[in-house]
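Let's take a walk through a protein chain together, starting with the overall picture and then stopping at a few residues along the way. Keep the sequence and the structure side by side as you read.

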Amino acid sequence: WRRHGGGDLEPVLVSSAVALLDARWIISHAEARTGRLWRRRRAGGVLNHRQALPKEAFLSFADLVEATGKYADWLPVAALS
């Protein structure tokens with residue numbers, strides 16, 4: 001985590017100023033909207049605001065740190081706005 005620059009993100013992540021969305025949840029949410037994998041590109045739409053998203057949509061800081069060392073040799077964070 002720290003070897004990949006994660007330490008620079010810790011203050012904002014721990015403060016809850018930024019919430020991390022779980023990529024698996026985003027994908028399943030998009031697929032559920034279309035009902036078919038092959039139509040995923042047509043899903044479109046906008047995510048609800050943070051307060052309206054379910055708890056399972058978010059990735060905890062601890063899960064992110066674990067995933068960085070376990071599943072990736074890079075920092076698995078992307079920024080959306």
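How many helices and how many strands are there in the chain? There are 3 helices and 2 strands, and if you read along the sequence they follow the pattern α-β-α-β-α. Please keep in mind that this is a predicted model.

How confident is the prediction? The average pLDDT of the chain is 78, and 77% of the residues score at least 70. If you look at the elements of the chain, strand S2, residues 58-59, has the highest mean pLDDT, at 90, while H2 has the lowest, at 78. Where pLDDT is low, the predicted coordinates should not be read in detail.

Now for the chain as a whole. Of its 81 residues, 19% are buried. The accessible surface comes to about 6400 Å², and carbon and sulfur atoms supply 54% of that surface. Contacts tell us about the fold, too: among those with a separation of 6 or more, 64% join residues 24 or more positions apart.

Our first stop is the loop between helix H1 (10-14) and strand S1 (20-21), where you will find Ser 16. What is the phi of Ser 16 near? The value is near 70°, which is positive even though the residue is not a glycine. Ser 16 has a relative accessibility of 45%, so it counts as partly exposed.

The loop between H1 and S1 also holds Ala 19. This residue counts as partly exposed because its relative accessibility is 29%. Leaving aside residues up to four places away in sequence, Ala 19 touches Arg 50 and Phe 58.

Move on to the loop between S1 and helix H2 (23-34), the place of Asp 22. Is Asp 22 buried or exposed? Asp 22 counts as buried, because its relative accessibility is 11% and the cut-off for buried is under 20%. Its contacts, again not counting residues up to four places away in sequence, are Glu 56, Ala 57, Phe 58 and Leu 59.

Asp 63 and Asp 22 are 41 residues apart in sequence, yet C-alpha to C-alpha they are 9.7 Å apart in space. Asp 63 has 38% relative accessibility, so it counts as partly exposed.

Helix H3 (residues 61-70) is also the place of Thr 68, our last stop. Thr 68 is buried because its relative accessible area is 1%. Which residues does Thr 68 touch, not counting residues up to four places away in sequence? They are Trp 1, His 4, Asp 73, Trp 74, Leu 75 and Pro 76. The side chain of Thr 68 also reaches the backbone oxygen of Leu 64, at 2.8 Å.

Terms used: Residues numbered from 1 in each chain as written. Predicted model: local features only at pLDDT ≥ 70, side-chain atom pairs only at ≥ 80, totals over all residues. Heavy atoms only, no water. Helix = DSSP H or I, 4+ residues; strand = E, 2+ residues; numbered from the N terminus. Buried < 20%, exposed > 50% of the residue type's maximum accessible area, 1.4 Å probe, protein only. Contact = heavy atoms within 4.5 Å. Areas by Shrake-Rupley, 256 points an atom, 1.4 Å probe, with all protein chains shown as cover. pLDDT = per-residue confidence, 0-100. Polar contact = N/O pair within 3.5 Å; in protein donor to acceptor, adjacent residues only side chain to side chain.
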